[in-house]
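Subject: Structure handover

Hello,

Here is the structure I promised to pass on. Please open it first, then read my notes below.

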Amino acid sequence: MARIRIKKNDLVQVISGRTQAKGGDRGKQGRVIGVYPETNRVLVEGINRVTKHTKAGDNQGVNTGGIQVVEAPIHVSNVAVVDPETKKPTRTRTRVEGIERDGRTKQQRTRVSVRSGKDL
């Protein structure tokens, strides 16, 4: 199982799929709501919205049924983290820094944008 380099609350952009002109989500940006490493999927706010038919009494406290529009998980390979400086999709790299605290050096990992070199 590959490691997912996207974390919750990251700003990501959809990099594959149908274009927005044809009703797809490619090029749209949104915040990551949830990460599911067991299925290699992420849940992005406003992306991959599907209609869900709910029966009356299924939801806790909600008595009315109907059609809800909710986000569905999208595969992690179809999204890329957005660079904070250029607002374009980028890959991520890990920079390891040695920080001295109490006379000891500790290793600290920082996620860095490959495009601009800024911290994520």
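The notes below go through the sheet, the hairpins, the core, the pocket and a few single residues.

One caveat before the details: this is a predicted model.

**The open sheet**

Six strands make up an open sheet. Their order is S6-S3-S2-S1-S7-S8, and the pairing is antiparallel. Which strands stand at the edges? They are S6 (74-75) and S8 (89-90). Each has a single partner strand, so one side of each is left without a neighbour in the sheet.

Two of the pairings in detail:

- S1 and S2 run antiparallel and share three bridges. Here glutamine 13 sits opposite glutamine 29 of S2.
- S2 (residues 29-36) and S3 (residues 41-44) are also antiparallel, with four bridges. Valine 35 has valine 42 of S3 as its bridge partner. Tyrosine 36 is bridged to arginine 41, again in S3.

S2 and S3 form a hairpin with four residues between them. Asparagine 40 is in that turn and has a positive phi of about 55°.

As background, side chains in a regular strand alternate between the two faces of the sheet.

Strand S9 covers residues 92-101 and pairs with S10 in the antiparallel sense through 10 bridges. S10 itself spans residues 104-113. One of the bridges links arginine 93 to valine 112 in S10. The two strands form a hairpin with two residues between them.

Aspartate 102 is in the turn of this hairpin. Its phi is positive, about 60°, although it is not a glycine. Most residues other than glycine have a negative phi. Is aspartate 102 buried or exposed? It counts as exposed, because its relative accessibility is 77%.

Threonine 110 belongs to S10. Threonine 110 is buried, because its relative accessible area is 13%, below the 20% limit. What does it touch, beyond residues up to four places away in sequence? The list is Arg93, Thr94, Arg95, Glu97 and Asp119. Threonine 110 and valine 96 are 14 residues apart in sequence. Their C-alpha atoms are 6.4 Å apart in space.

**The nonpolar core**

The largest nonpolar core has 12 residues. Its members are Ile4, Ile6, Val12, Val14, Val32, Val42, Val44, Ile47, Ile74, Val76, Val79 and Val81. Which elements give two or more residues to it? They are S1 (11-14), S3 and S7.

Valine 81 is one of the core residues. Setting aside neighbours within four places in sequence, valine 81 is in contact with Ile6, Asp10, Leu11, Val12, Lys88, Pro89, Thr90, Thr92 and Leu120.

**The largest pocket**

How much space lies in the largest pocket? About 270 Å³. Its lining has 14 residues, and the closest to the pocket centre are Arg5, Ile6, Val76, Val79 and Thr92.

Strand S7 (residues 79-82) gives the most to the lining, with three residues. By class, the lining has seven nonpolar, four polar and three charged residues.

**Two more residues to look at**

Lysine 87 is in the loop between S7 and S8. Lysine 87 is not a glycine, yet it has a positive phi of about 60°.

Isoleucine 67 is part of strand S5 (residues 66-71). Is this isoleucine buried or exposed? Isoleucine 67 counts as exposed, because its relative accessibility is 59%, over the 50% limit. Apart from neighbours within four places in sequence, isoleucine 67 is in contact with Thr51, Lys52 and His53. What separates isoleucine 67 from valine 44? The two are 23 residues apart along the chain, and their C-alpha atoms are separated by 20 Å.

Over to you.

Best regards

Key: Residues numbered from 1 in each chain as written. Predicted model: local features only at pLDDT ≥ 70, side-chain atom pairs only at ≥ 80, totals over all residues. Heavy atoms only, no water. Buried < 20%, exposed > 50% of the residue type's maximum accessible area, 1.4 Å probe, protein only. Contact = heavy atoms within 4.5 Å. 1 Å grid on protein atoms, 1.4 Å probe; cavity = no way out; pocket = protein on both sides within 12 Å on 5 of 7 lines; lining within 4 Å. Points joined across faces, edges and corners; volume = space filled by probe spheres on them. Nonpolar A, V, L, I, M, F, W, Y, C, P; charged D, E, K, R; others polar. Pairing = 2+ DSSP bridges. Core = buried A, V, L, I, M, F, W, Y, C linked by side-chain atoms within 4.5 Å.
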